[in-house]
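Here is a walk through one model, pockets and all. Keep the 3D view open while you read.

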Amino acid sequence: MSVGMRLVEFRLRRQPKALRSPEAIQEALAKTPPREAPVPRSLHKRCEVKESVVDGFPVTTLTPRRGGTGCRLIYLHGGAYVNGIVAAHWWLIAAIIKKTGATVIVPSYGLAPRYTAADAYPFLERVYADAVADGAPVYLAGDSAGGALALGLAIHLRDKPLPPPAALFLFSPWLDASMSNPDAKALVKKDAMLDIPGLAWCGRKWAGDENVHDPLVSPIFDTLKDLPPTFIYQGGHDVLLADVEKFAAKAKAAGLPLTVRIEPKGFHVYMGAVFTPESRKVVREVASVMARKCPPA
């Protein structure tokens, strides 16, 4: 574990867990309604930034001014479905653009409890359809709740008359919104950010009228058949590790082409600390996978 990772985890542990309980989440949302962090100036300098609206929701498209490959990556941010995009998401997106040359599309899906999974997928399908319209390879990526949503989108698209995603990159994905895996309890003390009761509440709100075990809410309950190559990057100090391990076993049995990289002492979405060697390693592998279909310009 690098010095940078240790410092970040130390700082995280000095703060109360934001998702420790339903009451804490509701209190935080009441005080500060969800807001979207703006695109940093550094990304405006490096990319052409296009803001658009699809089905009533904002979509930000970042195209490199130099060194673009023509490939596209749709990035779905985390935040337990109740929080908008934050600065660390933009840092990770910037690192991916710099290393891959991809155009990155960032949809701002509606957040719970006002919106649910049922609202997200028609919107995301439209965003995806626009992205693949000219035949360029399109990848899906996301962190935490966004990682689950990326996988859920691949499941949603499986029977649609659209080309499948080229691959999925899932960063500390939240694969079971019910948080019902008993093995997760042993990881709570190691996790500096997450706790089971708060996550379970968010998961129920995101499910809305659907069952929280629906694969479009909790992708671990899908058959996992006929899905694109999937790459998961997960930390060992993360309560979501239990479901990643469970998912990996199920995926292997289903024949899903899956690669799982576990950073033994990594915290939740550790790759968001882009100044660390652990994060840079993840981004390099993402770039290596994408280079197979998106050679540098």
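## The largest pocket

Let's start with the lining of the largest pocket, where H1 is the top contributor with five residues. Keep in mind that this is a predicted model. The pocket itself holds about 1,200 Å³ of space. Its lining counts 40 residues, and those closest to the centre are Leu12, Val86, Ala88, Met193 and His268.

What is the lining like by class? It has 25 nonpolar residues, ten polar ones and five charged ones.

## The second largest pocket

Two or more of the lining residues come from each of E1, strand E2 (57-64), strand E4 (103-107) and helix H5 (117-131). By class, the lining of the second largest pocket splits into five nonpolar, four polar and three charged residues.

## The sheet

Now for the strands. Eight of them form an open sheet with mixed pairing, in the order E1-E2-E4-E3-E5-E6-E7-E8. At the edges sit strand E1 (47-54) and strand E8 (258-267), each of which pairs on one side only. Going from one strand to the next, the twist averages 20°.

Two helices to look at here pack on the sheet. Helix H1 (residues 3-13) touches strand E7 (230-237) and E8, and its direction makes about 70° with that of E8. Helix H6 (residues 145-157) touches strand E3 (72-76), E5 and E6, with its direction at about 145° to that of E5.

## Who pairs with whom

E1 and E2 run antiparallel and are joined by eight bridges. Val54 stands opposite Phe57 in E2. Two residues lie between the strands in this hairpin of E1 and E2, and Asp55 takes a positive phi there, near 50°. E2 also runs antiparallel to E4, with four bridges joining them. Thr60 has Val106 in E4 as its bridge partner. How much of E2 is buried? Six of its eight residues are, so E2 is largely enclosed by the rest of the structure.

For a parallel case, go to strand E5 (residues 138-143) and strand E6 (residues 168-171), which are joined by four bridges. Leu140 has Leu168 in E6 as its bridge partner.

## Two helices together

Helix H2 (residues 22-31) packs against helix H7 (residues 196-207) at an angle of about 65°, and their axes are 7 Å apart. On the H2 side, the contact is made by Pro22, Ile25 and Gln26, while H7 brings Pro197, Gly198, Trp201 and Cys202. Sorted by class, the contact of H2 with H7 has five nonpolar residues, two polar ones and no charged ones.

Which peptide bond is cis? The one from Ala112 to Pro113, with omega near 5°. Pro113 is in the loop between E4 and H5.

Tyr81 has a phi of about 70° and belongs to the loop between E3 and H4. Is Tyr81 buried or exposed? Its relative accessible area is 1%, and the cut-off for buried is under 20%, so Tyr81 counts as buried. Ser172 is another case, with phi near 50°. Ser172 lies in the loop between E6 and H7, and at 0% relative accessibility this residue is buried too.

## One last residue

Ala87 is found in helix H4. With a relative accessibility of 34%, Ala87 counts as partly exposed, because that class covers the range between the buried limit of 20% and the exposed limit of 50%. Ala87 and Val3 are 84 residues apart along the chain, and 22 Å separates their C-alpha atoms.

Terms used
Residues are numbered from 1 along each chain as its sequence is written. This is a predicted model: local features need pLDDT of at least 70, side-chain atom pairs count only at pLDDT 80 or more; totals for chains, interfaces and linings use all residues. Side-chain values use heavy atoms; hydrogens and water are left out. Two strands pair if DSSP finds at least two bridges between them. Axes are lines fitted to C-alpha atoms, for helices over the stretch in contact, and angles run from 0 to 180 degrees between N-to-C directions. Contact means heavy atoms within 4.5 Å. Ala, Val, Leu, Ile, Met, Phe, Trp, Tyr, Cys and Pro count as nonpolar, Asp, Glu, Lys and Arg as charged, and the others, Gly among them, as polar. On a 1 Å grid over the protein atoms alone, a cavity is a set of points where a 1.4 Å probe fits but cannot get out, and a pocket is an open set with protein on both sides within 12 Å along at least five of seven lines; lining residues have an atom within 4 Å of a point. Grid points are joined across faces, edges and corners, and a volume is the space filled by probe spheres set on the points. Buried means under 20% relative accessible area, exposed over 50%, partly exposed in between (1.4 Å probe, protein chains only).
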